[in-house]
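This report looks at selected local features of the structure shown below, going from loop residues to helix packing and aromatic pairs.

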Amino acid sequence: MGAILLKNITVNDSQKDILIDKGLICRIEPAGSCAHWQLAGDMEIMQCAGKVALPGFVNMHTHAGMSMMRGVGEDLVFHDWINKIWKIEEGIDSEYVYWATKVACLEMIRTGTTTFNDQYWYHSASIKAAEEMGIRIASGYDFLDRFDPEEAERQIAQCQLQTAAARDAGYRLTMYQLAFHAVYTVSERSLNWIRDYSEQNGLRLHIHLCETRKEVEDCKAAHGGLTPVEYFDSLGLLSPRVIAAHTLWLSPHDIEILAARGVHCVHNVNSNTKLASGYRFLYNELRDAGVNICIGTDGCGSSNNLDILEAMKTSAIFQKAWRDDPSALPLPELLDMATVNGAKALNFNGGRLAEGAVADIMIIDTDNTFFLSPAPFLANLVYSAHSDCIDSLICDGKFVMRHREIKGEREILNEARKVMSKISK
């Protein structure tokens, strides 16, 4: 892995030189300092005047294999939408998921994402695609037994085999974990097994939680008045290893439990609002309770794109609107949600520009209309610019996009078109 030198790049409003080697940020010093460094001969040097460095985005809830399902379930409420998606997914296989995930990676690279927390079928195909594209993926077996005892036993056996195979694969950029879909699709028998197996093997759990009002009401009816948070807590499922997507319909007691158990929560505003699941995400309440809050796009079947920058803007303006408070969700906290908070949830040393951190860096070109104002850089980036201002992207110390060019893009699009016949409408 060759070294990279970013010369004269803006970091926190100051001009810096950044030296990257062996996948890490080795040095960040005032611009011009590199003249005194002993540099390796096989170093790539990028002149970055007029450009700004930020940590790569961490998309904390995706279904990357749905990248070619955009627009197939429009103007439907959540439960009608998901039934349609399940019908469409009946024809998919590992080849489809492999190419669909590559399409998703293309989009995420273009929009500044270096790490994504995925949940989908044929996860080994998703992992292979992400590894080849050069960006980090957190993924693993996804449980959804629909309360069928025979299916539960089959999935338990599959999970054990696939988890063992993943350990032997020697992945460079994969963080292996487990997932289960939701309280309304997974039996208590499976939930208890998942709890024990994930704890014994030190695996994170990626789940959907309190996404809709109906989910909460149905759970209370089925489990003696317990909300999904309370029910999962009664089973001992909640811990700092849990990453919970949506967490939209929460009671004060739910928030106390999530904070006490160290659960990481993921806001998915575009999906939630588009499906009319809700918009009053309790950011302040969760933050003040001490919960680590991240941001995600959800899958393209509901949010239609994987652009974290767009999700950041929408998250902020909805918080300001429903709280009647323009100071809600300030820019520094918004950036943390999209970067370092996700790295914390996934337990890797990223999401920040600091010596010793992993070298996941986006390079933003400010030579355009969106930055022609004296406003703070983050204000212009989030509220004015679009993600096409992202010029280049580095993940794990390697360029995955240079000057908007991504290796292999045309082949990926051509192959993806061939497998689209596997999904029915």
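## Loop residues with positive phi

Asp75 counts as exposed because its relative accessibility is 80%, where exposed means over 50% relative accessible area, buried under 20% and partly exposed in between, with a 1.4 Å probe and protein chains only. The model is a predicted one, in which local features need pLDDT of at least 70 and side-chain atom pairs count only at pLDDT 80 or more, while totals for chains, interfaces and linings use all residues. Residues are numbered from 1 along each chain as its sequence is written, and side-chain values use heavy atoms, with hydrogens and water left out.

Most residues other than glycine have a negative phi. Asp75, although not a glycine, has a positive phi of about 60°, and its place is in the loop between strand S6 (57–62) and helix H1 (78–88); helices (H or I, at least four residues) and strands (E, at least two) are DSSP runs numbered from the N terminus. Asp324 likewise has a positive phi, near 55°, and lies in the loop between helix H11 (308–323) and helix H12 (331–338), where its relative accessibility of 69% makes it count as exposed.

## A buried lysine

Lys102 is found in helix H2 (residues 94–110) and counts as buried, at 9% relative accessibility. Leaving aside neighbours within four places in sequence, Lys102 is in contact (heavy atoms within 4.5 Å) with Ala129, Glu132, Met133 and Ile412.

## Packing of H4 and H5

The axes of helix H4 (residues 149–168) and helix H5 (residues 188–200) come within 10 Å and cross at roughly 20°, the axes being lines fitted to C-alpha atoms over the stretch in contact, with angles from 0 to 180 degrees between N-to-C directions. H4 and H5 are therefore roughly parallel to each other, a term for angles under 35 degrees. The contact is made by Ala152, Glu153, Ile156, Cys159, Gln160 and Thr163 of H4 and by Arg189, Ser190, Trp193 and Tyr197 of H5.

## Aromatic pairs

Rings of Phe, Tyr and Trp (its six-membered ring) pair if their centres lie within 6.5 Å, with planes under 30 degrees apart counted as stacked, over 60 as edge-to-face and the rest as tilted; by this rule there are nine aromatic pairs. The rings of Tyr141 and Phe143 have centres 5.1 Å apart and planes at 70°, so this pair is edge-to-face. Tyr141 is buried, with a relative accessible area of 6%, and Phe143 counts as buried at 0% relative accessibility. Tyr141 and Phe143 form one aromatic cluster with Trp193 and Tyr197.

Methods. Angles under 35 degrees count as roughly parallel, over 145 as roughly antiparallel, 65 to 115 as roughly perpendicular and the rest as oblique.
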